[in-house]
Amino acid sequence: MLRTTTTLTTLAAALLVAATVSTGALAAGGGVDPAGSTSALAHEAPSAPAPLEPQQTTESIDGPTPQATHLVPTAEATPASETERSAVSTAVTESTTTTTAARPQPTTPTAPLAAQPAPFGSASPAPSTPACATAITGTTPGAPSRTSPLGVAGTTSADLQLFAVTYNAIRVANCLAPVPFANIRYDSCMEDRLFWMAEDPSPDPMSAWGHIGSQRSDGLPSVGCDGNLAGGLSNDGAIVAQKWWDSTGHRTSLYKPTFAGSTARVCIMFAMTHGGVPDEPYSFTRSAARWVDC
């Protein structure tokens with residue numbers, strides 16, 4: 001019995017020692033995994049994961065070469081947090097605002113539009129045409145309506161006025177200053193020469209016609225004054241004024257287009273006859289005119 005008791009006591013002490021040793025081992029850091037196996041590394045500090053290295057894969061485009069390389073990550077990137085996204089959005093907004101504020105704005109031109117230079121390559125403005133003289137009105141001094149010894153009618157006031165109106169109208173239309181109507185006058189000296197031509201006894205109206213030096217059929221010496229001549233059937237003051245403008249030589253002599261002075265001291269002398277000897281009708285006229293200083 002004593003032996004049995006001693007044996008039991010010894011067995012209990014051995015079991016107590018074994019339990020103590022087992023408990024110390026667990027306290028020292030051992031662990032049991034779900035399968036029941038003990039892992040000595042269960043509580044070691046985890047090491048930092050290795051950085052993600054891109055893996056290279058190749059994809060054939062057309063045959064073995066050339067090949068395009070695509071980088072494929074081994075792990076999915078972690079999405080940014082709401083705070084990070086907000087910070088990025090704010091930074092972008094601030095950057096955009098700063099850029100907009102820094103952009104130079106167009107300024108309003110201070111000079112009037114008319115003062116700005118014309119765009120390069122634009123057409124130049126056409127040169128302005130100098131203003132021409134305007135038409136004038138008035139009345140000539142008139143004419144006496146004389147009659148020659150052989151019955152040829154002389155210049156009438158209507159002849160002189162019609163000539164003056166047409167003469168000035170032609171001048172103004174061609175940018176020439178008009179001559180005052182008071183300076184367009186009847187000339188008895190030129191009319192005397194026209195009478196000398198109209199009283200030539202020849203039936204030929206061209207007999208004695210012309211400037212100083214022409215001859216009458218009866219040999220009567222020339223009288224009167226010379227001038228620019230015009231004549232014909234149904235010619236009036238307006239028609240002869242136009243005839244003299246249409247003739248270059250007569251235009252130069254009677255209209256003087258290059259004259260640059262004042263017409264206030266210019267006089268245009270005029271005379272006209274109607275009919276002739278032996279049987280010319282009244283409508284057959286002879287006219288003379290000249291430019292003189294008043």
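1. Asp192 has a relative accessible area of 30% and is therefore partly exposed; here buried means under 20% relative accessible area, exposed over 50%, and partly exposed in between, with a 1.4 Å probe and protein chains only. The model is a predicted one, in which local features need pLDDT of at least 70 and side-chain atom pairs count only at pLDDT 80 or more, while totals for chains, interfaces and linings use all residues. Residues are numbered from 1 along each chain as its sequence is written, and side-chain values use heavy atoms, with hydrogens and water left out.

2. The side chain of Asp192 meets that of Arg146 in a salt bridge, with 2.7 Å from N to O. A salt bridge is taken as a side-chain nitrogen of Lys or Arg within 4 Å of a carboxyl oxygen of Asp or Glu. Because Arg146 lies in the loop between α2 and α3 and Asp192 in helix α4, the pair ties together parts that are 46 residues apart in sequence. Helices (H or I, at least four residues) and strands (E, at least two) are DSSP runs, numbered from the N terminus.

3. Arg146 also forms a salt bridge with Glu191, and the closest N and O atoms of this pair are 2.7 Å apart. This pair, too, links distant parts of the chain: Arg146 belongs to the loop between α2 (82-102) and α3, Glu191 to helix α4 (residues 188-198), and 45 residues separate them.

4. The structure holds 5 salt bridges. One of them joins Arg286 to Glu280, with the closest N and O atoms 2.8 Å apart. Arg286 and Glu280 are both buried. Through salt bridges that share partners, Arg146, Glu191 and Asp192 are joined into one network.

5. A search of the whole structure finds 3 disulfides, a disulfide being a pair of cysteine sulfur atoms within 2.5 Å. When the bonded cysteines of the protein are numbered in sequence order, the pairing reads 1-2, 3-4, 5-6.

6. Cys132 and Cys175 form a disulfide in which the sulfur atoms are 1.8 Å apart. The torsion about their S-S bond is about -100 degrees, so this disulfide is left-handed. The pair links distant parts of the chain, 43 residues apart: Cys132 is in the loop between α2 and α3, and Cys175 is in the loop between α3 and β3 (184-186). Cys132 is partly exposed, with a relative accessible area of 39%; for Cys175 the relative accessible area is 39%, so Cys175 is partly exposed.

7. Between Cys189 and Cys225 there is a disulfide with sulfur atoms 1.7 Å apart. The link of Cys189 and Cys225 is right-handed, with 75 degrees about the S-S bond. Cys189 sits in helix α4 and Cys225 in the loop between α4 and β4 (228-233), so that distant parts of the chain, 36 residues apart, are linked. Cys189 has a relative accessible area of 23% and is partly exposed, and Cys225, at 22% relative accessibility, counts as partly exposed.

8. A disulfide joins Cys267 to Cys294, with 1.7 Å from S to S. The link of Cys267 and Cys294 is right-handed, with 110 degrees about the S-S bond. Cys267 lies in strand β5 (residues 266-276) and Cys294 in the segment after β6 (280-293), so the pair ties together parts that are 27 residues apart in sequence. Cys267 counts as buried because its relative accessibility is 2%, whereas Cys294, at 34% relative accessibility, counts as partly exposed.

9. Helix α3 (residues 157-173) and helix α5 (residues 237-246) pack at an angle of about 35 degrees, and their axes are 7 Å apart. The axes are lines fitted to C-alpha atoms, for helices over the stretch in contact, and angles run from 0 to 180 degrees between N-to-C directions. The crossing of α3 and α5 is right-handed, that is, the near helix is turned clockwise from the far one by less than a right angle.

10. In this packing, Asp159, Leu162, Phe163, Thr166, Tyr167 and Ile170 of α3 meet Gly237, Ala238, Val240, Ala241, Gln242, Trp244 and Trp245 of α5, where contact means heavy atoms within 4.5 Å. The residues of the contact of α3 with α5 divide into 9 nonpolar, 3 polar and 1 charged. Ala, Val, Leu, Ile, Met, Phe, Trp, Tyr, Cys and Pro count as nonpolar, Asp, Glu, Lys and Arg as charged, and the others, Gly among them, as polar.
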